[in-house]
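Me: Hi, I have a structure to get to grips with before class. Could you go through it with me?

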Amino acid sequence: MNLKQFKMTNNDEIICEVVEDANTQEDGAIIVRKALRILTSEDYENNIRYYSFKPLISFQDAFDELVVMNVGHIILETLPSRTLTIHYARAVK
């Protein structure tokens, strides 16, 4: 499984499985599946930050459906941390 974490131009962060990267696509698109948006909320009073996942595409029929992402909307890409990978695997399951 080729997991990547992306920071998007609209400030969203997503984690997903990359099926085909921009190098294999003529138009520079990235084909992904099981894409989840990483949500952050903070409890300022107790100085705690919480993270959760939300599907990137609402009302998608199948979570395994392929999604084409425009690389022009990606600010950065990285390999997710081990901790994030574990939480992602649990969420997908």
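Predicted model: local features only at pLDDT ≥ 70, side-chain atom pairs only at ≥ 80, totals over all residues.

Me: OK, how many helices and strands does the chain have?

Reply: The chain has one helix and six strands, and read along the sequence they follow the pattern β-β-β-β-β-β-α. Helices (H or I, at least four residues) and strands (E, at least two) are DSSP runs, numbered from the N terminus. The C-alpha trace spans about 50 × 25 × 25 Å along its principal axes.

Me: And what share of the residues counts as buried?

Reply: Of the 93 residues of the chain, 27% count as buried. Buried means under 20% relative accessible area, exposed means over 50%, and partly exposed is in between, with a 1.4 Å probe and protein chains only.

Me: Which residues make up the largest nonpolar core?

Reply: The largest nonpolar core has 11 residues, namely Phe6, Met8, Ile14, Cys16, Val18, Ile30, Val32, Ala35, Val67, Met69 and Ile74. Two or more residues of this core come from each of strand S1 (3-8), strand S2 (13-20), S3 and strand S5 (67-69). Apart from this core lies another, of six residues, among them Leu3, Ile15, Leu36 and Tyr88. A nonpolar core is a set of buried Ala, Val, Leu, Ile, Met, Phe, Trp, Tyr and Cys residues joined through side-chain atoms within 4.5 Å.

Me: Let's switch to Lys34: where does it lie, and is it buried or exposed?

Reply: Lys34 lies in strand S3 (residues 30-43), and Lys34 counts as buried because its relative accessible area is 18%. Not counting residues up to four places away in sequence, Lys34 touches Ile15, Cys16, Glu17, Phe63, Asp64, Tyr88 and Val92, where contact means heavy atoms within 4.5 Å.

Me: What about Glu42, what is it in contact with?

Reply: Glu42 is found in strand S3, and, leaving aside its neighbours within four places in sequence, Glu42 is in contact with Ile48 and Arg49. A polar contact of 2.9 Å joins the side chains of Glu42 and Arg49. A polar contact is a pair of N or O atoms within 3.5 Å; within protein, one must be able to donate a hydrogen and the other to accept it, and residues adjacent in sequence count only if both atoms are side-chain atoms.

Me: New topic: which residues have a positive phi although they are not glycine?

Reply: Among them are Asn47, with a positive phi of about 55°, and Phe59, with a positive phi of about 60°. Asn47 is found in the loop between S3 and strand S4 (48-55), whereas Phe59 is found in the loop between S4 and S5. Asn47 counts as exposed because its relative accessibility is 73%, and Phe59 is exposed, with a relative accessible area of 84%.

Me: Last one: which residues line the largest pocket?

Reply: The lining consists of Gln5, Glu13, Ile38, Tyr51, Ser52, Phe53, Thr83, Leu84 and His87, and S4 and helix H1 (82-92) each supply at least two residues of it. On a 1 Å grid over the protein atoms alone, a pocket is an open set of points with protein on both sides within 12 Å along at least five of seven lines, and lining residues have an atom within 4 Å of a point.

Note on methods
Residues numbered from 1 in each chain as written. Heavy atoms only, no water. 1 Å grid on protein atoms, 1.4 Å probe; cavity = no way out; pocket = protein on both sides within 12 Å on 5 of 7 lines; lining within 4 Å.
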